[in-house]
Protein chains: 2
Amino acid sequence: MTDQGKPSARGRPRDRDIDQAIVSATLELLGERGYADLTIGAVATRAGVGRPTVYVRFADKNALVVHALVQTVPPLRTPDTGNALHDLIELAVDFVARLANSPAGRTVLAVHAEAGRHPELEALLREHYLRPRERLVHDLIQQGQQRGQLREDLTPEDIQDLLCGPLIYHWLIHGDLADGQTRALLDAASRAITA
Amino acid sequence: MTDQGKPSARGRPRDRDIDQAIVSATLELLGERGYADLTIGAVATRAGVGRPTVYVRFADKNALVVHALVQTVPPLRTPDTGNALHDLIELAVDFVARLANSPAGRTVLAVHAEAGRHPELEALLREHYLRPRERLVHDLIQQGQQRGQLREDLTPEDIQDLLCGPLIYHWLIHGDLADGQTRALLDAASRAITA
């Protein structure tokens, strides 16, 4: 299970269609019922495939849920305009525009919240979803630190928290995030992280 | 249902004990099973009371859950040292120390995430939990703006997002928040909001 999906998902068109149907069914059911009530049987029914078709691809419900998230949250663009702050801001705007106001975003958030209660889900989420995305962002931040554009006395993790945190918190509390609001928060947060 | 609890909860000791048992049972079950699988029957059993005892106090599961959160998340202290930024930082440190590393904090977060799927839960949560706490924080921020300590070109909401967001985001992604990390993030975030 990687960002590119399991090998089977890159196989014949029929395999890709089945994978897509399973991913869509998983997201729909997560949105409607939540993680606790999700079953492989219900996913199979919604996707119009047999249960063995799901089980042959995914060891269990956690593997299925994390695969669905990995497939759904679009791979991050990695712009390089030479200005790391500018690149990070565009990355964040892009991410918010595609996720924060969609049902998928709410689902991703709910799965994160559930992970605190389910260590196996948390481990899979960290390995296959969080870490690959974090690595890209941290590379960009370190570039900015080397170029003297971002504060070197903060860790890349701190800088990510300071830039993305206000957006995610606003969205968590208020349930939406208009484009103007996103830019205003990023603009203000920039003061905290620039050298 | 207010910050002080329903009138019945302030009545005779026996009533307060029952209320406390119901709140504890609700939090435990929310932590173990999550919102989706919480039932009034299970809460009554865990609290050692009859179902009618719960129903006479709470119209439904949502009222029960929000009451449990209101009772559990400690009322915010409102220090006034004359320096609004200092007061806000102490408020945040205090809040994080008491909640972020406790199971209750994880439960509060999970209920917030569920609220996106349950409009009635969201409305109750907003009215009884979020708004009273937000009002206190916004009063403090407006004081700081009037005294020229905090930026006036940002809304109190923006300032709250910028100061609290990095902490909550860090906690959401990494699952913990050490005291030193809390202060480092607040210190950096201060740059974004001070006049």
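Across the interface of chain A and chain B, nine residue pairs are in polar contact, both residues at pLDDT 80 or more. A polar contact is a pair of N or O atoms within 3.5 Å; within protein, one must be able to donate a hydrogen and the other to accept it, and residues adjacent in sequence count only if both atoms are side-chain atoms. The number of salt bridges between chain A and chain B is zero. A salt bridge is a side-chain nitrogen of Lys or Arg within 4 Å of a carboxyl oxygen of Asp or Glu.

The model is predicted; local features need pLDDT of at least 70, side-chain atom pairs count only at pLDDT 80 or more, and totals for chains, interfaces and linings use all residues. Residues are numbered from 1 along each chain as its sequence is written, chains are lettered from A in the order in which they are written, and side-chain values use heavy atoms, with hydrogens and water left out.

Chain A brings 41 residues to the contact, and chain B brings 41 residues. Contact here means heavy atoms within 4.5 Å. Between them, the two chains bury about 3700 Å², with 57% of it on carbon and sulfur atoms. Buried area is the accessible area (1.4 Å probe) that two parts lose on being put together, summed over both. In chain A, the most area is lost to chain B by Arg117(A), Tyr169(A) and Arg191(A), together 18% of what that side buries.

Chain A can be laid on chain B by a turn of 180 degrees and a shift of 0.0 Å along the axis, with an RMSD of 0.0 Å. The two copies are thus related as by a two-fold rotation axis. The superposition is by least squares on the C-alpha atoms of residues with pLDDT of at least 70 in both copies. The same surface serves both copies, as 100% of the contact residues of chain A recur in chain B. Of the residues of chain A, Gly165(A) comes closest to the rotation axis, at 2.2 Å (C-alpha).

Over all chains, the whole structure holds 13 salt bridges. Glu32(A) forms a salt bridge with Arg46(A), with the closest N and O atoms 2.9 Å apart. Glu32(A) lies in helix H1 of chain A and Arg46(A) in helix H2 of chain A, so the pair ties together parts that are 14 residues apart in sequence. Helices are DSSP runs (H or I, at least four residues), numbered from the N terminus.

The mean pLDDT of chain A is 87, and 91% of its residues reach 70 or more. pLDDT is the predictor's confidence in each residue, from 0 to 100. The model scores ipTM 0.82 and pTM 0.82.

Methods
Helix = DSSP H or I, 4+ residues; strand = E, 2+ residues; numbered from the N terminus.
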